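Q: Hi! I'm new to this one, could you walk me through it?
A: Happy to. Let's get it on screen.

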Amino acid sequence: SEEAVTTARRAIALAEALGDKVVQGRAQWCLQAACNDLGRAAEADRAGAQSLALAQETGDLFGQATALNSLTFNESDIAANLRLLRQALELFGAAGYVERACMVTGNLAGQYVELGLHRQARRLFAEAIALHRQAGARYSLAGDLWKLAHLEARLGHADAARSLAAEAAAETAALGGTQYRGWPSWIAAHLARHAGRHAEAARHFDRAAREAGKASESIAMTCR
């Protein structure tokens, strides 16, 4: 929201006035996140670059890793994303942030999906999911369960897709989240399409886009 952008800018200015570059860098990341939520990619990327520069200057490993991960959000070059994510994974590990490292592992899996390297993607999703369970990171767990369910559906692995989707739905409901509200229909669409039921698949894809609301563009772009 614009309120979040304004708040982040105030935090940046205050941290700069106090000479606290660690907080300033992390506030830049907050600004980046707020701008991304508003679809202002160029502004978000500038804030992300400043966040990374400040974190590198101060030796803030957590700040560096967070900035590196977030710089992949608007990057279309998969090779660049892999490089950024591997750096982020190493830095989160060095800083001792296991839950954040798990999150990056899931993001790496997503990049392998884009490359069509499904075996590697499934392995990384499974690794991230296991670590999310151990760490009690339920929000990240739900996200990666949905993503692995979607991958299994795209590959036509119906039983695995349905089992994962059921667990993902339970986790999402327990968290009270709505971010993944279009995903059950999205997964059903891929399963129907793989089974040759194209008219049914089209209906599910249409329902997924309607259910997702603001996220419909993301879902539509991935209906392949």
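A: A term to start with: a cavity is a set of grid points where a 1.4 Å probe fits but cannot get out, and its volume is the space filled by probe spheres set on those points. Also keep in mind that this is a predicted model.

Q: Okay, how much space lies in the largest cavity?
A: About 30 Å³. The count comes to 1 cavity of 30 Å³ or more.

Q: Which residues line that largest cavity?
A: The lining is made up of Lys21, Val22, Gly25, Arg26, Ser51, Leu54, Ala55, Thr58, Asp60 and Gly63. Helix 2 (21-37) and helix 3 (41-58) each supply at least two residues of that lining.

Q: Switching topic: how many residues are in the largest nonpolar core?
A: There are 42. Phe92, Trp146 and Ile187 have the most contacts inside this core.

Q: And which helices supply at least two residues each?
A: Helix 4 (61-70), helix 5 (78-95), helix 6 (98-115), helix 7 (118-135), helix 8 (138-154), helix 9 (158-175), helix 10 (183-194) and helix 11 (198-212) each do. Another core, of 9 residues, lies apart from it, and includes Val5, Leu31, Cys35 and Ala44.

Q: Back to Phe92, what does it touch?
A: Leaving out residues up to four places away in sequence, Phe92 touches Phe62, Ala65, Thr66, Tyr97, Arg100, Ala101, Met103 and Val104.

Q: Can we look at helix 9? How far does it reach?
A: Helix 9 has 18 residues and goes 26 Å from its first C-alpha to its last, close to the 26 Å expected at 1.5 Å a residue.

Q: Which of its residues are buried?
A: In helix 9, the buried ones are Ala161, Leu164, Ala165, Ala168, Glu171 and Thr172. They cover an arc of only 130° around the axis, so they sit on the same side of helix 9.

Q: What do those buried residues pack against, and what is on the face turned away?
A: The buried residues of helix 9 pack against helix 8 and helix 10. The face turned away from the buried side carries the exposed residues Asp159, Ala173 and Ala174.

Q: What follows helix 9?
A: Gly176 does, with a positive phi near 70°.

Q: Last one: where is Ser1?
A: Ser1 is in the segment before helix 1 (2-18). Ser1 counts as partly exposed because its relative accessible area is 47%, which falls between the 20% and 50% cut-offs. Its C-alpha is separated by 23 Å from that of Glu16, 15 residues apart along the chain.

Terms used
Residues numbered from 1 in each chain as written. Predicted model: local features only at pLDDT ≥ 70, side-chain atom pairs only at ≥ 80, totals over all residues. Heavy atoms only, no water. Core = buried A, V, L, I, M, F, W, Y, C linked by side-chain atoms within 4.5 Å. Buried < 20%, exposed > 50% of the residue type's maximum accessible area, 1.4 Å probe, protein only. Helix = DSSP H or I, 4+ residues; strand = E, 2+ residues; numbered from the N terminus. Contact = heavy atoms within 4.5 Å. Expected span 1.5 Å × (residues − 1). Arc of directions from axis to C-beta. 1 Å grid on protein atoms, 1.4 Å probe; cavity = no way out; pocket = protein on both sides within 12 Å on 5 of 7 lines; lining within 4 Å.
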